[in-house]
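Good morning, colleagues. Please look at the structure on the screen as I describe selected parts of it.

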Amino acid sequence: MAQRQQPMVILSEDNERTQGEDAQDSNIRAGKAVANSVRTTLGPKGMDKMLVGSSGDVTITNDGATILNKMDIEHPAAQMLVEVAETQEIEVGDGTTTASVLAGELLAEAEELLDQDLHPTVIVEGYHEAAKLAHEAVDDQTLAVDLDDDTLEAVARSSMTGKGTGDVTVDALAEPVVSAVQQVATDAGVDREDIHIHTHPGASTSATELIEGVVIDETPLDDAAPSQLADATTAILDTDLEFDTGEADAEYNITDVDQLNEAIAAEEAELEGYAETIADAGVELLFVTGDIDDRVASHLAAEEIVAFEDIGSSDADAIAAATGARQLGTLEDIEDADLGTTAALSVETYGEDKFTFVEGADAAHVSLFVRGSTDHVVDELERALNDALDVVIAALDAGGVVGGAGAAEIAIADHVRSHAASVEGRKQLAIEAFATAVDELPRTLAENTGMDPIDALVDLRARHDAQGRAGLVSTGRSGKVGDPVEEDILDPAAVKHEAVDSATEAATMILRIDDVISSDN
Ligand code: ADP
Ligand code: MG
């Protein structure tokens, strides 16, 4: 009889290893814990979290991705749930809490199935099959409506309801958000980069305005320059406007006073030449990314050209998009086609700060100028606006809208559950478990609205069966079962599709792991 071999040791002693059920238990618990940490923020009546960083900095937010990102999460499986929120944020910009709660629930349900000795691969297969059914249900719930401004504003409002938007109502925010998106939309879709959010804390009242162009922190070089201009011919120079000492003919061998005077005169002439070239081209408004020599500045002022220096490169890009001007590397060969038009320039003072608004007639770049009393208000406003921009773009560019307030989720659970009955074997249990996990979303919405979750689910299902759509509409202080579409509560279909995908992906990935090996190095 062969002698029994000792197991070969291939891992150094620095490695920590958890295997089999222990690894699974620990991963599932970690994943559930992460999902639980955001669940009370779901929906319009969700609560906020206050996050205190290591240096004492405070963030108050209701945003799932922000919460998970600011929490110092170490467990590797928990990290994967944080990634769910991140993926969701990157792909569609909203639905992060929905995706995290769903991922956590898929894990919780899987835990029970594992206890009943279902093999993880059966659960994984069942979940994937259920996810396909979920997409069908979302497609089925996608409304055949025109994505006009009213519809898009409803989508924007739904994403912001319950967010800390300070003393600004979501109605006042939804309109500029939709206008901003419509302004930069082209046949090829919307590039999120074309919309900038410019924030200004320290204002007495909060407000958000759409600027058809750019807000920059700089003011004109010449203090005496007018603070308003209309229809100004605009040039952008991506260089310095200084005496160019790099050129060969700029080197002088100065031996006497006459030569010195000549050199100074030559330099002066060159600098004046810059201003003349610019004036001859018909430029009335000039943005320079580099420095402008004081003497050039005074010549420009004499020509009544309003000039700005030290414009950041992204501001220069934005000014170009807003005014139609091209960025020039040199003044040589400046021609009409290089120039743009600033429909309105205005220098405004807010408290101790001054901003310049540069607006174009048909700007391909727009800004939302956000004022609020404190950093906290402004930050949360910015997050709400970001979500709103993203959902409007997702609705417009990626597949329309569904009824919100849990309606898509009820439809998913119903479709998945009714299909499960026809599946043979133990996989059926996994598919049913997926439906139960999805139920947790409307259940959580009910809880966060102060409704009885069991009654709410029963009512929701009954109404869904009867009318094909049912949501937990929260109005004022309470909630009721109703038709979210009638109440203008709309979410992008893409947010639901992505939540299904990212949650399923993370949960199944965690379930496939039966061995956790961690090294210190
Ligand atoms: P997420 O991070 O998943 O987007 P939110 O806290 O933003 O989480 O909540 C989103 C959910 O709130 C969506 O299902 C949306 O339809 C729902 N919702 C928005 N407005 C209302 C409302 N007035 N009544 C009920 N549900 C609403
Ligand atoms: Mg949201």
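Helices are DSSP runs of H or I with at least four residues, strands are runs of E with at least two, and both are numbered from the N terminus. The expected span of a helix is 1.5 Å times one less than its number of residues. This is a predicted model, in which local features need pLDDT of at least 70, side-chain atom pairs count only at pLDDT 80 or more, and totals for chains, interfaces and linings use all residues. Residues are numbered from 1 along each chain as its sequence is written, and side-chain values use heavy atoms, with hydrogens and water left out.

I begin with helix α15, residues 493-511. Its 19 residues reach 27 Å from the first C-alpha to the last, close to the 27 Å expected at 1.5 Å a residue. Of these 19 residues, 16 are buried (under 20% relative accessible area, with exposed meaning over 50% and partly exposed in between; 1.4 Å probe, protein chains only).

I turn to strand β13, residues 366-372, where seven of seven residues are buried. In a regular strand the side chains alternate between the two faces of the sheet. From β13, V366, L368, V370 and G372 point one way, while S367, F369 and R371 point the other.

Which strands pair with β13? Pairing requires at least two DSSP bridges between two strands. Strand β4, residues 195-201, pairs with β13 in the parallel sense over seven bridges, and H200 stands opposite R371. Strand β5, residues 207-211, pairs with β13 in the antiparallel sense over five bridges; there, A207 has R371 as its bridge partner.

Finally, V52 lies in strand β2, residues 49-52, and is exposed, with a relative accessible area of 56%.

Notes. Chains lettered and ligands numbered in written order.
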